[in-house]
Amino acid sequence: MAISRRDLIKAGLAAGTAISIPSVLRAQTAPTAARTVRMVIGNISVFDPVVTTTDSTYDHAFAIYDTLFGADSNFEPHPQMVEKWGVSDDKKTYTFELRDGLGWHDGTAVTAADCVASIRRWAQVSPGGQLLMSRAADISTKDNKTFTVTLKEPFGALLYILGFNGPFIMREKDASIPATEQVTANIGSGPFKFNHALAKPGVSVTYDRNEKYVPRKEPPNGYAGGKIVKVDRVILESISDEQTAVAALQAGEVDYVAAPPVDLYPVIESDPNLELWVGDKWGVDMFVRMNCLQKPFDNVKARQAMLHLVDQEAMLRAAYGNPKYFRTVTSMFGNETPVSNDENTGWFKKGGDPEKAKQLFKEAGYSGEKVVILQPTDWAQGSNASQLLAATLKKIGVNAELAPSDWAGVAARRAKKDPVENGGWSIFISTDSEASFGQVIANNILPMNGDEAWYGWPKNDEYEALRLKWADVETLGERKALARKMQRIWWDHVPQVQVGQFVLSDARRKILTDLIGVPSLHPLWNMQKS
């Protein structure tokens, strides 16, 4: 049962942490029904997974949309919306037939034309989609339930690309909107329906069980298998203050809090109603991303300076505190993926090398240009790391300036290619799943194809030629060799700088069970509330 304010304060003091619940939160939070789940997993400001790669947007997309294929816990693709598929004898034509029972939340039927339009829109921005379109001769419908992908040459990675970071299927009219413009209809065919009437941007968004959704019969496994919804409603609360979120969890006002701060673990562990839970066993990697289009980081020497400047352990302590949960990273592929390696990592030095960094900034011709660091004020770990980075840059004479905003502001501003004087940026800090760095052709961050690359827009043709070979390499040994060649160029070109790997727990009330663990995200299906 929910504990009183007095008991909550006692628990916080016993753990050496002050906890408070503002009266405004209590006033807005009515008692929840037995089959309603309230979660704090991030603020959703953009609802279109083609426009942004933000985790909260992907959580939203997996709730209301469905996918052609889904990746299991080993990143193997399995049919999801597809009932059956086949490939021609020459391996150049794939035929996909949709399963029965697929319908949009507006009552209309899902068609093959919806799938083709969604693939084409997604492929404009997704690295895997871009690769697919470069290999495709044609993608077209055969009938209302069937479409084909005709290739120029055999392309064995097709199903993998559709299954890992593949397209969320939208209505044809929504998928006809340019990839640079946000789809706002929020009408999908997935296991949850977006509740437009209860949407309160910046406060909460609500999802209702799609009673007409027909799940697959296979058991759930990652994003594959049956997406069975066992609750009636899920409400995603936006609570930026971490102590407030944990206090709400203890009071029973929410059921789940993603990534609470490490220093509140004792509070959570001491509460008999709560439990820490690791949904992403791989953890995530934090990194510093630089704008390769604007000064000073349009000069490779300045980017190399950052490689020597960052003291990973100091940054990780500032972000996460307890070293029990983090470790340094030197490979662009993370610590634990099958292709992690030590090629061209001689730059790593415990404590960093600020003098070397200072010299490289000088060689870059740095002359006092403002370096704007986007600081996410509602993400404590990212905010703390940003502040330390700014202070470290100032110590070696760089004109660093923090630009504080919530994560929605960071996500919007990082898309701008303008100079800092016109609202652009120089640096932002972000994270991605450790596991995803091993998924080379589908990872959004790894391309260096200029304007088509992820934020920062690095460009290196030699590297890109190697990355694109990945789709045609079949053995792990060949991939390891290719990964070493890619990493040699990566750390010479330096599109970003590693900060480190960390594995953190989420916190849940014990009455919330059967959660599905995946890298970085939070599937809403399968969980139940006893």
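This passage describes a sheet with its packed helices, and then some backbone details. The model is predicted, so local features need pLDDT of at least 70 and side-chain atom pairs count only at pLDDT 80 or more, while totals for chains, interfaces and linings use all residues. Residues are numbered from 1 along each chain as its sequence is written, and side-chain values use heavy atoms, with hydrogens and water left out.

An open sheet of seven strands has the order 10-11-12-1-13-21-14, with mixed pairing. Helices (H or I, at least four residues) and strands (E, at least two) are DSSP runs numbered from the N terminus, and two strands pair if DSSP finds at least two bridges between them. Strand 10 (192-194) and strand 14 (274-277) are the edges; each has a single partner strand, so one side of each lacks a neighbour in the sheet. Helix 3 (residues 55-64) packs on the sheet, touching strand 10 and strand 11 (204-209), where contact means heavy atoms within 4.5 Å. The direction of helix 3 makes about 115° with that of strand 10; axes are lines fitted to C-alpha atoms, for helices over the stretch in contact, and angles run from 0 to 180 degrees between N-to-C directions. Strands 13 (256-257) and 21 (506-509) pair in the antiparallel sense over two bridges, and Y256 has R508 as its bridge partner in strand 21.

W457, not a glycine, has a positive phi of about 55° and is buried, with a relative accessible area of 5% (buried means under 20%, with a 1.4 Å probe and protein chains only).

Conventions: Buried means under 20% relative accessible area, exposed over 50%, partly exposed in between (1.4 Å probe, protein chains only).
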